[in-house]
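Please walk me through this structure in the viewer, stop by stop. For each stop, tell me what to select and what is found there.

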Amino acid sequence: MSNRLVNILVPVISVILGLLVGAIVMLVSGYDPVKGYTALWNGIFGDSYAIGETIRQITPYLLSGLAVAFAFRTGLFNIGVEGQLLVGWFAAAYVGVAFDLPMYIHLPFAIIAAAVAGGLWALVPGLLKAKLQVHEVIVTIMMNYIALHTTNVLIRAMSDGGENTGTIKETASLKSVFFESITDYSRLHYGIFIALAMVLVMWFILEKTTIGFELKAVGFNKNASEYAGMNVNKNIILSMVISGAFAGLAGAMEALGTFQYASVKGGFTGIGFDGIAVALLGANTPLGVVFGATLFGALKYGALNMPNAADIPVEIVSIVIAIIIFFVACGYVIRYFLEKKNKKKEAK
Amino acid sequence: MDYVIEMLGIRKEFGSFVANDNITLQLKKGEIHALLGENGAGKSTLMNVLFGLYQPEAGEIKVNGKSVKITDPNVANDLGIGMVHQHFMLVEKFTVTENIILGNELTKSGIINIKDAAKKIQSLSEMYGLEVDPYAKIEDISVGMQQRVEILKTLYRGAEILIFDEPTASLTPQEIHELIQIMKRLIQEGKSIILITHKLQEIMDVSDRVTVIRKGEGIGTVITKETNPNELASLMVGRQVDFTTVKDEANPTEESLVVNNLVVTDYRGIEKVKGLNLTVRKGEIVGIAGIDGNGQSELIESITGLRKVKSGSIKINGQDVTNKKPRQITEAGVGHIPQDRHKHGLVMDFSIGHNIALQTYYAPPISKNGIIDYGKVSELAQKIIKDYDVRTQGEETLARSLSGGNQQKAIIGREVIRNPELLIAALPTRGLDVGAIEFIHQRLIEQRDKGKAVLLLSFELDEVMNVSDRIAVIYDGQIVDTLQPKDTTEQELGLLMAGQHKTGKDVKQGEQQHVE
């Protein structure tokens, strides 16, 4: 079996196995898996509205996945994407509400504000790691809580104790009339282009620039990088800031695209944490992140249709979705069996 | 004849690559049997087959005359086969006893019985003259002692047959001498030993018979007494090898490296280099001879900018580089073959091509405005792979998957091609076979003949004697003497390295000579 075939077969078999085990869970709990999966399929691809919403859901996952993957390539574990996303979300919404500017200034300003806010939020753990060797995992986790409650306070302050910043000005919106017209008024917005552009940006930085060369070298071997004259601390900080900027952009997608505002939150959005899974599913490569985000976004959105259309409780749906993702993540097990089978064949 | 181990016609394949082909090795009871071969000849593969880590595609293994299938290392253990690995597998924070019983703990109603284990280890240690303290922590004992712990580990588990995988690679001459005594003691007590090595002198000193493999094929077995290093070398490499390095008289010109009254501390803040003076001129090779731990690493690290200098100065090509950053020093015209090629020399998960660009990626012609031209990287890599005989499938291959000798050749290519005025080579031939060593020595001499300065750090006396034009002996953080290789002997160097003066008295502080 050629390598290429294995590379295609592994994800396909993983998804099929995940669907099968998910079906067993539904059967055991007394629900019809055929009905369930039909509902899932329709939830994702059923009509133009579903497709639009699915892509809309994929957008922030792309960016949170890139954020985690980018830090990973430099050997850093950025668990703080959730917090960086929240501050990015707030920054974009604030700029969108507070300023009156022409669109060609206002929209880029709001987007950049989100990236800068996310980057600054990630600068803190980067600095602490580089200067004081404080582990970034601890700092980023704690920064998530600080972000959550700080943005809540700021939103309340902005709205005189309200729950919501109010809708952003149209000049800062990513809303797409064109997309609305072809997807039956889904919330699909132009942000998807920004997310895809960022996939290219990450690929370009890592594969083409001296900065990417340094970041990867530091990620693999700090000692050899230092010996080769690279500034290891600078690279650690830079990596965190770029990662945070991607996370901030994910927040901008929600502020300027999906919701058009920022509101007080009782808990985390989960997009930042799911970004860890997205990045790992995609082996921390830009193209892999596209794959991971698509899977995550599609399943998450499509699953919403399962309770309505197939009467399967939300809890069971969560289990089924988790099982499918679990099997995809375990792709290497399937790869192992395929290769073992290959070996046996060769031995004969 | 009684053989304790017979490996007959062993063949091991990895995909289409044949690592071992029809190799036969027969170990007699009570002998030291050397297994000789170049880096990548298939010695480790063969031993991993014996140790149960790999299953052979063809061939038979017999232990004490009985055919056996060694399916995993536990089976090998039960058959009395123990392996002393080249890279020790010890837990630094644990004591000797804890390391030895790891995975095989003696328990009394569920509680580990350290005392009895320590007693048993103590008595084993005394029996074989190992002098290991069962309660010492691994991180506190020397590399030589750590190796003895590895030996004890196999003995503790009842090994009758010991495999030593390149045991002298990281030892000092003194430790090597002691190891040889230990091996002889083991034989006296009825153990049998397989010694994997590519050091010919060791084989001549210690082994009874030698099995040679070349490029995965068994070449044959010879009796040590009936052969000589030259014959062994040509059996191993497949051609005649020149041992004496041929070189012309040196033509030293102006000073390239001037180290003045240098003081450097190690990571604990303890002074390791204590007011050291050293000069290297263009057109000469200065060899630093000394026992490991006398400040060599700290000296090299401070010259190359990896470690801060406490006081004193370092000048390179007239430029003061004291406490400058590594890149500024590199740009002052320094090439550096680092002591630890895995830690400092290479990014193991980068391709060979990326590694070759590691020092030059940031400037033209490799990159422009922060964008790397990977076409140029590939060109440079292919040139080095060709010129420096780096044996690899291509520049895309990961550095990790190259043999040690080829990794080293790639590093040397990368450093030399920049044409540095000063080349610092720290243990450049450690762990390499004679063919690669010959090649690397020639490159160093070539640089000298081009009028470059070369500073060579080595723990191998014959390397220092052969390659250097001047020898600076380092002891306790100072250069205690400089000598011409032709005016000295290994005995004299050995004494100086151990802190004795030519007359036999101790070298005292302030009495050491300045080097030129």
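**Stop 1: an antiparallel sheet in chain B**

Begin with the open sheet of chain B whose 4 strands follow the order S14-S13-S16-S17, with antiparallel pairing. The model is a predicted one. Select residues 271-281 for S14(B) and 319-320 for S17(B): these strands stand at the edges with a single partner strand each, so one side of each has no neighbour in the sheet.

**Stop 2: across the helix to a mixed sheet**

Keep H9(B), residues 296-303, on display. On what else does this helix lie? H9(B) lies across S15 (285-289), S21, S22 (453-458) and S23 (470-475) of chain B, running at about 150° to S21(B).

Those strands belong to an open sheet of 6 strands in chain B, ordered S18-S21-S22-S15-S23-S24, with mixed pairing. Its edges are S18(B), residues 334-337, and S24(B), residues 478-483; each has a single partner strand, so one side of each is left without a neighbour in the sheet. From one strand to the next, the twist averages 20°.

Now select residues 422-426, which make up S21(B); this strand runs parallel to S18(B) and is joined to S18(B) by 4 bridges. Within this pair, B:Val334 stands opposite B:Leu422.

**Stop 3: the domains of chain B**

Colour chain B by domain: domain 1 is 3-237, domain 2 is 243-333 + 420-516, and domain 3 is 347-418. The centres of domain 2 and domain 3 of chain B, taken over C-alpha atoms, are 27 Å apart. Where these two domains of chain B touch, 12 residues of domain 2 are in contact with 10 residues of domain 3. Which element gives the most to the domain 2 side of this contact in chain B? It is H15(B), with 5 residues. By class, that side of domain 2 of chain B has 7 nonpolar, 3 polar and 2 charged residues.

For the annotation, select residues 5-240 and 257-501 of chain B, where an unreviewed UniProt entry places the feature "domain: ABC transporter". Residues 5-240 of chain B are 34% helix and 29% strand, with their end C-alpha atoms 32 Å apart.

**Stop 4: a helix pair in chain A**

Move to chain A and select H8(A), residues 191-208, and H13(A), residues 286-303; their axes come within 9 Å and cross at roughly 150°. H8(A) and H13(A) are therefore roughly antiparallel to each other. Show side chains for A:Val199, A:Met202 and A:Trp203 in H8(A), which meet A:Pro286, A:Val289 and A:Val290 in H13(A). This contact of H8(A) with H13(A) has 6 nonpolar, no polar and no charged residues.

**Stop 5: where the chains touch**

Finally, show both chains: 14 residues of chain A are in contact with 22 residues of chain B. On the chain A side, select H9(A), residues 210-220, and H10(A), residues 222-227, the elements that give two or more residues. H9(A) gives the most to that side, with 5 residues. The chain A side divides into 7 nonpolar, 5 polar and 2 charged residues.

Notes:
Residues numbered from 1 in each chain as written. Chains lettered and ligands numbered in written order. Predicted model: local features only at pLDDT ≥ 70, side-chain atom pairs only at ≥ 80, totals over all residues. Pairing = 2+ DSSP bridges. Axes fitted to C-alpha atoms, helices over the stretch in contact; angles between N-to-C directions. Contact = placed C-beta atoms within 7 Å. Domains from an automatic or database assignment. Nonpolar A, V, L, I, M, F, W, Y, C, P; charged D, E, K, R; others polar. UniProt positions renumbered as here; feature names shortened; annotations may be inferred. Parallel < 35°, antiparallel > 145°, perpendicular 65-115°, else oblique.
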